[in-house]
Amino acid sequence: MICGIDLGTTHSLIGVVEAGFPILLADESGSRLTPSAVYFPADAAEPPRVGAAALRQRVLDPGRTVTSVKRLMGQPGRVGPRAMRPEEIAALILGRLKAVGEAAMGEPLTRAVITVPAYFNDSQRAATKRAGERAGLVVERILNEPTAAALAYGLDKLDERSRVAVYDLGGGTFDISILELRSGVFEVLSTAGDTRLGGDDIDEAVVAHLQARLGEPADAPARARLWEAAIAAKHALSTVDTHRVQLPFYRGTESVELELTRAELEALAGPVVDRTRACCRRALADAGLPAADLDEVILVGGATRMPLVRRVAAEVFGREPNISQHPDEAVALGATIQAGILEGSLRQILLLDVTPLSLGLETFGGLMNVIIPRNTTIPCKAGELFTNAVPNQESMLVRVLQGEREMARDNWELGQLAIDFQPGPKGSARVGVQFEIDQNGLLRVLARDTRTGTDRVLEIRNTAVDVDDARVEEMIAASLDHAFDDMRERVFTEARQKAEELLPAVDQALAAAGSAVAEMDRAAIEAAAAETRAALEAGEAARLKAAVTALDRATEHLAAVLVDRALEESLQRRGIL
C-alpha cells in the first residue's frame, strides 16, 4: 500500500486509498491534522515529541520547539537545540505520520507520495526525499502541491476539458500553477511562487503589532504566547469583524486584553498577500493565457480562509474563486489519489508537471547556456555537445547552474564535475552533456567524452549554496528587471569572443595572402578590423556585433583566396599540378 503525505509548514497529513476511495487518516485523538512541530526535551536521552504534544510545549519552552522547518529544507545549516539538519527534523514529522497511518490501518506503511511546493528547487526536493527515506519510507513520487490540489479538484472531471489556476497559500509557502485538465491528462502549463511567503508572515506581522501595542519587549516565552494569540486572532477574524485577544497572567499576576479588528488585520496582512499578485500575473503570462480564459480558480492552503486573500485572488483573476476544496486537506487528498494511481487502485491519470527554473551550465566567457528552460514539462531529458575552448586543454569543468540570468555568475551553482580528455588543438575534444529530470523533479547530469566513452555522472542531491528561498522569487524578478542589461552583456561577450578570435586570424591571413589581395579589398578589411577594435575598446555591444559581422563579410574573398592557395599547394606537393 502506498500512502499520500502532505508535509506542510504548519500541519501535515497522511492518507491512503481504501476500497477505491481516498481517505485521510486521523490520530488517536481523532485529528487528521498533525502539527509540523518537534519538541526536544532537555534530557538528550528522551526522544523528541512530535505533533500536538510538541506544539503544547512551544509556549512553555519555545527554545526547544522547532516549527516551520519546511521553510529551511535544502539549506546546509543546523536547526534546533540538538543541531540537526532540517531534513532530519522533517524525518521526525514524517515518522509520526507513518505511525499514525500504521495505527489506523493496522499494517506497515513503507511507500509514500510526498508533496512539495511547485517552486521547490532541486536541493529542496532532494532533501524532502531524503527525509522520507530517513523515516523508513520508499518515496515513490515527489508531487507538486498545486498539482495535488488539482487532482483533488478534478477527479470527477476527467472527461471534461478545463483550465484552472491553483492558488495555494499555506503556512510558509505560496504557489500558483496554471493547469489544463483533459481526458485524464493533467498538464501544468506554468508555475510560479515564493517558498518563503505564507501565513507565518502574517502571524509575524500581527505579533509585532501586538507587541508594539503592549509597549514592551517580549522575552521568548512571552513572544510564544503572543504568537499563539496572533494565530487565534487571525483564525477568528476570518468569520467575525472583531476579536478580543486575551493574555491571562501576561505580566506576572496581571492579565492583558486587546481588541483587534478585521480591518487592522487586513492592514497588517495586506503587504504579505499583495506579494502573490506578481506571481499570479507571471504564471498567466508564462502559460500564454489571459485570466478570462480560465474555467476555475481554486483556492487551497489555510491562509485562503481569510476574506482578504479571497478578494485579492478575485481581483487578480477577475472571477470569484472556487472554495469547494478543504483548504487544509486538498493537497493531502491529491497526494493520496496519486498514491492510489501508482498502486493501481484508482483510475490512471497522466500528470505532466513542469520545472520551475531553467537549468544549464557555464560556457566559455562566463555565459549561462540553458539546457532545460523554465516551465519545461517533466520528466524530460536534453543535452548538447561541447568542445575545448583552448589548445591542449586536458579537461573540462562542467558547472551546473539554475536560474534565469544570462551570465553564469548571476545564477546558482548546483554542483560541478570534471571530465578528462586527450589534449589537442582547439575544437578537437567532444564532450556530450545530458541533463535528465525525473518525475520527482530531481536532476541527473551525465558528461561523456565521445572519443573514449568515459562517463561522469552528477546526481544533484545537495548543494553547498545557502538556498535562501526568497531568492527564487528574486531570481525571476531580477531576470525581468535586468533583461536588457543582461542581453546587452551577453551580446557583447559573444561578440568579444568572436572578435578576439577573428582579429588575429585576419592579421595572419592578410600577411599570408600578400599581393594576392587587391588593395581595395585590403583597405576594406583593415577598415573593418579597425572598427572592430574600436568597438571592442568602447565596450559597445550592438556596435561590436555589427562590426564583427561586417569584418566577417569583408574577409569572405580573403578566405576564398587562401583556400584556393592551400588547395593549389597541396596539389603541387602531390605532383598533380
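1. Asn369 counts as buried in this predicted model, because its relative accessibility is 15% and the limit for a buried residue is under 20%. Asn369 belongs to strand 18, which covers residues 367-372.

2. The surroundings of Asn369 may be described through its contacts. Leaving aside residues up to four places away in sequence, Asn369 touches Gly360, Leu361, Thr363, Glu384 and Phe386. A further distance concerns Leu359: this residue and Asn369 are 10 residues apart along the chain, and their C-alpha atoms are separated by 8.4 Å.

3. How many aromatic pairs does a search of the whole structure find? The search finds one. The partners are Tyr167 and Phe174. A pair of aromatic rings is described by the distance of the centres and the angle of the planes. For Tyr167 and Phe174, the centres are 4.9 Å apart and the planes stand at 65 degrees to each other. The pair is classed as edge-to-face because this angle is over 60 degrees.

4. The next point concerns the packing of two helices. Two packed helices are described by the angle between their axes and the distance between the axes. Helix 5 spans residues 199-214 and helix 7 spans residues 262-287. Their axes lie 9 Å apart and form an angle of about 140 degrees, which means that helix 5 is oblique to helix 7. The crossing of helix 5 past helix 7 is right-handed.

5. Which residues make the contact between these helices? Helix 5 contributes Asp201, Ile202, Ala205, Val206, His209 and Arg213. Helix 7 contributes Glu264, Leu265, Leu268, Ala269, Val272 and Val273.

6. The protein has 577 residues, of which 52% count as buried. Its secondary structure includes 14 helices and 25 strands. Taken along the principal axes, a box of roughly 105 × 55 × 55 Å is filled by the C-alpha atoms.

7. Contacts along the chain can also be sorted by sequence separation. Among contacts in the protein with a separation of 6 or more, 67% are between residues 24 or more positions apart.

Note on methods:
Residues are numbered from 1 along each chain as its sequence is written. This is a predicted model: local features need pLDDT of at least 70, side-chain atom pairs count only at pLDDT 80 or more; totals for chains, interfaces and linings use all residues. Side-chain values use heavy atoms; hydrogens and water are left out. Axes are lines fitted to C-alpha atoms, for helices over the stretch in contact, and angles run from 0 to 180 degrees between N-to-C directions. Helices (H or I, at least four residues) and strands (E, at least two) are DSSP runs, numbered from the N terminus. Angles under 35 degrees count as roughly parallel, over 145 as roughly antiparallel, 65 to 115 as roughly perpendicular and the rest as oblique. A crossing is left-handed if the near helix is turned anticlockwise from the far one by less than a right angle, and right-handed if clockwise. Contact means heavy atoms within 4.5 Å. Rings of Phe, Tyr and Trp (its six-membered ring) pair if their centres lie within 6.5 Å; planes under 30 degrees apart count as stacked, over 60 as edge-to-face and the rest as tilted. Buried means under 20% relative accessible area, exposed over 50%, partly exposed in between (1.4 Å probe, protein chains only).
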